[in-house]
Amino acid sequence: MIFRQCMQLFIRCKNCSNKHFNHVEKTWSRYRTSERTHVTQATRKVHLDDDKVLCGPPGWSKQASIYVHWPYCRRRCTYCNFNKYINSRVNEERMKSCLVKETTTLLQISGVQSISSIFFGGGTPSLADPSTIAAVIDTVQKLTKLQHNAEITLEANPTNLESQKLKDFKSAGVNRLSLGIQTLNSADLKVLGRDHSVEESLKCLTQAKKLFPGKTSVDLIFGRPDQTIEDWKQELQKILCLCDDHISLYQLTVERGTKLFKLCKNGSLSVPDDDKMAELYDVAINTLTKAGFTQYEVSNFARNGAESRHNCNYWNGGQYIGIGPGAHGRFVRAGENGKVREARIQTLEPDIWMAEVESFGHATRKAVRQTSLDILQEILLLGLRTSSGITEDRWQQFSDGSSLQSVFCDSGNLNQFIQNGLLQFDGQTLKSTSRGLAVIDSILPELIVALQNYYQKHSLLGNDS
């Protein structure tokens with residue numbers, strides 16, 4: 001049951017990549033083999049255990065992506081249970097100062113020398129002043145090499161107010177936009193609690209494509225209450241007439257504690273059943289494929305080379321530094337010779353986060369030393385969500401000698417998945433088929449168990465990785 005919950009979190013409705021990964025952490029943390037340790041409030045020092053750790057590829061610890069979390073929203077959507085706060089009087093200057101300070105401190109702690117992408121998520125980062133976004137980007141440029149073709153993405157709500165700021169965000173250094181349009185159905189926008197209209201969405205999308213041609217992504221939610229197949233087909237066709245080259249599709253999930261949960265529980269609303277959800281998903285895949293889009297990940301579709309480089313870094317097991325309240329990160333601390341990667345999470349509540357940053361330079365609340373097994377589990381969980389899958393070369397970079405063949409090919413489950421047309425393995429690459437991507441949540445738990453059993457067996461034999 002826990003494994004299924006973990007996998008369902010991967011395809012949930014979300015607005016940004018880091019939140020998408022962070023929610024998996026909540027459930028997956030129960031299965032981590034390394035012990036978690038807390039950062040003391042007095043010293044902010046991270047105490048780590050003495051487990052053996054990974055040895056990544058040469059120079060891998062010198063490059064990373066950065067995720068920056070803006071926690072504030074104008075309102076809370078009915079389906080949302082993310083780390084966000086409704087505050088009409090945000091102390092922007094204080095927030096800017098703290099984001100800059102934590103960026104500075106964590107870059108120094110990490111020893112990272114090159115940044116390939118920055119993602120501003122939330123919350124609603126398009127509510128921030130463009131000068132705050134610019135200050136973070138400038139800090140990165142001063143302390144590291146921001147690659148000349150670095151992808152710098154901002155999540156935005158398509159309201160008139162935020163649309164007016166798009167030019168300023170571009171001037172601040174943003175070169176890619178992720179628009180939370182979610183639906184082109186006015187009634188559904190109200191059900192979801194969104195604060196924009198269909199007309200605002202269309203106007204903002206048109207403006208965004210002019211400012212960020214080829215780099216404007218659209219988020220859509222399917223599985224909405226009373227959504228029909230025919231309505232969904234028409235909505236997708238309308239989007240295809242207007243969109244750029246990237247679309248993210250997310251299944252609406254009913255989360256405990258949300259307004260939507262209460263409405264569904266008391267019978268006021270209901271979402272489609274599993275069979276209907278699957279049909280809606282299949283319709284979307286077929287429609288987007290016919291329009292020239294490639295499904296390069298469970299929820300993401302691109303054409304003309306518009307894949308999100310930032311998200312691909314997550315899925316490939318790359319380093320990333322999390323800045324801001326509740327942000328997660330994975331990086332090697334400076335001075336560890338590329339051999340100790342930590343899983344880190346920042347303090348959640350914005351006011352407490354700011355106070356800690358002002359006192360200690362950063363607000364890392366928890367840090368965990370990751371073993372090779374920890375890394376491989378994440379690579380497996382994330383890599384098989386992609387159409388490219390996991391290569392033997394990538395696996396070997398973190399495995400301390402175990403191969404995909406040695407870990408999985410004795411598994412009857414893997415052979416069954418291959419025979420059923422859900423997975424492919426040619427000895428060098430393990431990947432999901434198009435059918436496999438659609439049911440990945442039922443495949444991954446079996447493979448995780450096989451991986452853990454392999455490491456347990458070899459640990460008992462005295463060959464601990």
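Which residues of strand 13 are buried on one side, and which on the other? Keep this in mind as you look through these close-up views of a predicted model.

**View 1. Strand 13 is covered on both faces.** On one side sit His328, Arg330 and Val332, and on the other Gly329 and Phe331, and all of these are buried. Strand 13 spans residues 328–332, and five of its five residues are buried. Next to consider is its partner, strand 14 (residues 341–346), which runs antiparallel to strand 13 and is joined to it by five bridges.

View 2. Are the two partners buried or exposed? Both Glu378 and Arg330 are buried.

**View 3. Glu342 and Arg344 form a salt bridge.** Their side chains meet at 2.5 Å, N to O. Glu342 has a relative accessibility of 0% and so counts as buried. Arg344 is buried too, with a relative accessible area of 2%.

**View 4. A salt bridge joins Arg94 and Glu358.** Here the N to O distance is 2.9 Å. Arg94 lies in helix 3 (residues 92–110) and Glu358 in helix 13 (residues 350–360), so the pair ties together parts 264 residues apart in sequence. Arg94 is partly exposed, at 28% relative accessible area, and Glu358 is also partly exposed, at 39%. How many salt bridges does a search of the whole structure find? It finds 13. Elsewhere, Arg74, Glu162 and Asp195 are linked in a network of salt bridges.

**View 5. Strand 5 pairs with strand 2 and with strand 6.** Strand 5 covers residues 114–122, and nine of its nine residues are buried. Eight bridges connect it to strand 2 (residues 63–70), and these two strands run parallel. Within that pairing, Gln63 stands opposite Ser114. Strand 5 also pairs in the parallel sense with strand 6 (residues 145–156), over six bridges, and there Ile115 stands opposite Leu146. Follow the chain from strand 5 through helix 4 (residues 130–143) to strand 6, and you trace a right-handed β-α-β unit.

**View 6. Ile118 is among the residues with the most contacts inside the largest nonpolar core.** That core has 96 residues, and Phe408 is named alongside Ile118 for its contacts there. Helix 19 (residues 440–460) gives the core its largest share, nine residues. Another core, of ten residues, lies apart from it and includes Phe119, Tyr296, Trp315 and Ala327. Beyond its close sequence neighbours, Ile118 is in contact with several residues, including Ile66, Val68, Ile137 and His310.

**View 7. Thr153 is a buried residue of strand 6.** Its relative accessibility is 0%, which is why it counts as buried. Leaving out residues up to four places away in sequence, Thr153 touches Ile118, Phe119, Phe120, Arg176 and Ser178.

**View 8. Asp188 sits in helix 7 (residues 186–192).** With a relative accessible area of 11%, Asp188 is buried. Its contacts, not counting residues up to four places away in sequence, are Thr183, Arg224 and Pro225.

Terms used
Residues are numbered from 1 along each chain as its sequence is written. This is a predicted model: local features need pLDDT of at least 70, side-chain atom pairs count only at pLDDT 80 or more; totals for chains, interfaces and linings use all residues. Side-chain values use heavy atoms; hydrogens and water are left out. A nonpolar core is a set of buried Ala, Val, Leu, Ile, Met, Phe, Trp, Tyr and Cys residues joined through side-chain atoms within 4.5 Å. Buried means under 20% relative accessible area, exposed over 50%, partly exposed in between (1.4 Å probe, protein chains only). Helices (H or I, at least four residues) and strands (E, at least two) are DSSP runs, numbered from the N terminus. Contact means heavy atoms within 4.5 Å. Two strands pair if DSSP finds at least two bridges between them. A crossover is right-handed if, with the strands pointing away from the viewer, the path from the first strand over the helix to the second runs clockwise. A salt bridge is a side-chain nitrogen of Lys or Arg within 4 Å of a carboxyl oxygen of Asp or Glu.
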